[in-house]
Structure formats: structure tokens, C-alpha cells
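Biologist: I would like to understand the words used for this protein chain. Could you take me through them?

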Amino acid sequence: MTILRILVFPDPRLRKKATPVEVVDDALRGLIDDMFETMYAAPGIGLAATQVDVHKRLLVADISQEKTDPYILINPQLLEKDGVIVSEEGCLSVPGYYEEVERAEHIRVSFLNRDGAEVEMEANGMLAVCFQHEIDHLDGKLFVDYLSEAKRQRIRNRLVRDRRHQS
Ligand code: ZN
């Protein structure tokens, strides 16, 4: 397995809209394994393919402390949203920043699993937040888009500056 390079905001590739996965094959399962390894190593609780510069509708997540509850969502679709939850979100593509974002507290989502079978499930609370955050990535959207323009600019400027210092 390989640890993939994670794109960092304001990289324009994070704004690309991902296209549906057409075939769930071994190549895709290899990418899924690499995405899990990358997410766990970071460490993070969710990773969308967009963040590793693969523009397919695919995400992985695991919100458990023990890293024992992995989810793979291929071509995820939000079917229902209900309730409101405000929680502090972070993102592997916006390292070092945590801000409050409002999301639906309960969702119903459909997707293909690792074997290409259709699955429908409900998610609540933190898992629902995680799925909504990652599905946003597939549409080129970041959690900083929910913040004020001034706050987003501040984060953007700092990340650009940090990056310059690194290279
Ligand atoms: Zn993210």
C-alpha cells in the first residue's frame, strides 16, 4: 500500500467536481486501500478521492477511536437530511484549522460498497457530519466555504505562506 499525497487548500484541484465510478474493480479497491492507509496515517476520520487528486466519486471514513469501523462509499448520494447539528470540523486539506459548521444531524445515504453492491444506510451525529463533509469534497466544496469570506481569506493566506516557507 502507498501513502498518497493530500492536496492542500487553496489548491485549485480541490475544486474539481468528481465523476461517477463506472466499474468497481481491483484497481479501484487498490486505490481504496491506499486511501485508508493515507487517512489513518494522517491521521484523519475521512478522506475523499478528490483530496488525493483522483476525481472519482469515492470516499472512505472511520470515526472510531480504534480504527475498527471503516466505511467505503462509492458514488454516494444523499437521499434524506433531517435535523441540525453544529460541530467543530477540520480537514486534512486545511491542516491546523478547526471551525464550527452547521450540518444535518440525520441523513440517509445510498452508495456502492467495495464489491459494487448497492447499499442504503442511515447515519447520525458525527458520522453524518463526516459523510456530508466528504461528499462536499466530491463536489469541489470545502468546509471553509461555510465560513465568512474574511475568515476563509485569512486561512487561505496563512496556508499559502506556510507552504512558501516549506519549499
Ligand atoms: Zn475534508
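Predicted model: local features only at pLDDT ≥ 70, side-chain atom pairs only at ≥ 80, totals over all residues.

Biologist: What makes a stretch a helix or a strand?

Modeller: Both are DSSP runs, numbered from the N terminus: helices are H or I with at least four residues, strands are E with at least two. By that count the protein chain has 3 helices and 7 strands. Their order from the N terminus is α-β-β-β-β-β-β-β-α-α.

Biologist: Why is the chain called as compact as a globular protein of its length?

Modeller: The radius of gyration is taken over C-alpha atoms, and the globule rule is 2.2 Å times the number of residues to the power 0.38. For 167 residues the rule gives 15 Å, and the chain's own value is 15 Å, so the chain is as compact as a globular protein of that length. The C-alpha atoms fill a box of roughly 45 × 40 × 30 Å along the principal axes.

Biologist: How do you know which strands pair in the open sheet?

Modeller: Two strands pair if DSSP finds at least two bridges between them. β1 and β2 have 3 bridges. β3 and β6 have 6, and β6 and β7 have 7. The sheet has 5 strands in the order β1-β2-β3-β6-β7, with antiparallel pairing.

Biologist: Why are β1 and β7 edge strands?

Modeller: Each has a single partner strand, so one side of each is left without a neighbour in the sheet. Neighbouring strands here are turned by 40° against each other on average, direction ignored.

Biologist: Which residues stand opposite each other?

Modeller: Gly46 faces Ala61 in β2. Asp82 faces His106 in β6. Val109 has Met121 in β7 as its bridge partner.

Biologist: What lies between β6 and β7?

Modeller: The two strands form a hairpin, with 5 residues between them. Gly116 in the turn has a positive phi of about 85°.

Biologist: What makes β6 mostly covered?

Modeller: Buried means under 20% relative accessible area, exposed over 50%, and partly exposed in between, using a 1.4 Å probe and protein chains only. In β6, 5 of its 7 residues are buried.

Biologist: Why does Glu134 have no salt bridge?

Modeller: A salt bridge needs a side-chain nitrogen of Lys or Arg within 4 Å of a carboxyl oxygen of Asp or Glu. Lys and Arg count as positive, Asp and Glu as negative; His and the chain ends are not counted. For Glu134, the nearest side chain of opposite charge is Arg103, 8.2 Å away.

Terms used
Residues numbered from 1 in each chain as written. Heavy atoms only, no water. Axes fitted to C-alpha atoms, helices over the stretch in contact; angles between N-to-C directions.
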